[in-house]
Amino acid sequence: MDNVIGILKQKNFVTKKKFGQNFITDTNLLNAIVADADISENDTVVEIGPGAGTLTRAIAAKAKRVVAFEIDESLSPVLKETLTGLDNVQVVFRDILKVKPCEIKEIVGESFKVVANLPYYITSPVLFYFLENDFPLVSLSVMVQKEVALRMIADSDTPDYGVLSLAVQSRADAVITRHVSRKMFYPEPNVDSAVVKLTLNEGVPYRKTFDKLVKAAFACRRKTLVNNLMQSMGLSRADSETLLTQAGLDIRIRGEALSKEHFLILSKILEEIKIK
Ligand code: SAM
């Protein structure tokens, strides 16, 4: 794929910032991303944003099938050329966030893995889209901005810890498999990146209450959990304090100090005593 920049120029394709078009052309890196995602001949892969098709080709060489969703139809002539000869790739020109979950299920038709060099402007919505809908999803290996990767894997009581960390970690085991310098992209963005692999697990029980609690706990980082529960969940001070005491927590604690397990205990108590 070393000649991909030549193909882009020959097709008069100019990359669009508004779609987060920073392409990878380095074959070793592309193969490494696919290896990190643990793709084999039994796997169906959903790619978001094939761009010039470089990662798509690397995935297609290992997978049974690739379904790639691309918002920018003007990439069609480029993709026609770069994906020539591959009979296991289907490109769907749609905005991934406008594809209904049931349509994904229809188009893909079986359990799948996601592999993507995500457009940075929609990283979180795409992650939430795949994590919150009930897909037959095995894993997501995604290249994201380094700062987002650090938030995804952050532990409690660290500055990076928040709603995204808990959304990810309450559904999947998350590891950074690779750090990638900005120099590896064309055109070069002004941030470094990392690949994060999320292996989906059974998730947490009391999901709705868990998510509500997490949102409330981080609604205002500087406030105590009690104050956030009062303001964002409409609990009384007495109920909020009882909740924390029953969970064995100090009533002055802040949301950022709570682990996933703490949020689980709080969700269980809330569900069982029905303070909502
Ligand atoms: N996969 C290619 C690579 O690694 O070189 C391109 C990655 S580039 C960072 C992101 C790609 O996502 C671009 O091709 C962009 O047009 C596409 N994209 C942006 N927003 C999208 C959306 N909402 N739905 C589908 N694709 C999108």
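Analyst: **Pockets and their setting**

The structure contains zero disulfides, a disulfide being a pair of cysteine sulfur atoms within 2.5 Å. The model is predicted, so that local features need pLDDT of at least 70 and side-chain atom pairs count only at pLDDT 80 or more, whereas totals for chains, interfaces and linings use all residues. Residues are numbered from 1 along each chain as its sequence is written, and side-chain values use heavy atoms, with hydrogens and water left out.

Rolling a probe the size of a water molecule over the atoms shows where empty space is left. Here a pocket is an open set of points on a 1 Å grid over the protein atoms alone, where a 1.4 Å probe fits and protein lies on both sides within 12 Å along at least five of seven lines; lining residues have an atom within 4 Å of a point. Grid points are joined across faces, edges and corners, and the volume is the space filled by probe spheres set on them.

The largest pocket has a volume of about 600 Å³. Its lining comprises 37 residues, with F19, G20, Q21, N22 and P119 nearest the centre. β1 (23-24), β2 (44-48) and α3 (54-60) each contribute at least two lining residues; helices (H or I, at least four residues) and strands (E, at least two) are DSSP runs numbered from the N terminus. By residue class, this lining holds 20 nonpolar, ten polar and seven charged residues. Ala, Val, Leu, Ile, Met, Phe, Trp, Tyr, Cys and Pro count as nonpolar, Asp, Glu, Lys and Arg as charged, and the others, Gly among them, as polar.

Six nonpolar, three polar and five charged residues make up the lining of the second largest pocket.

As to the wider chain, an automatic or database domain assignment divides it into domain 1 (4-200) and domain 2 (207-273). The centres of the two domains, taken over C-alpha atoms, are 34 Å apart. Eleven residues of domain 1 are in contact with 14 residues of domain 2, contact meaning heavy atoms within 4.5 Å. S240 is located in helix α11 (residues 237-246). Leaving aside residues up to four places away in sequence, S240 touches V226, L229, M230 and L235.
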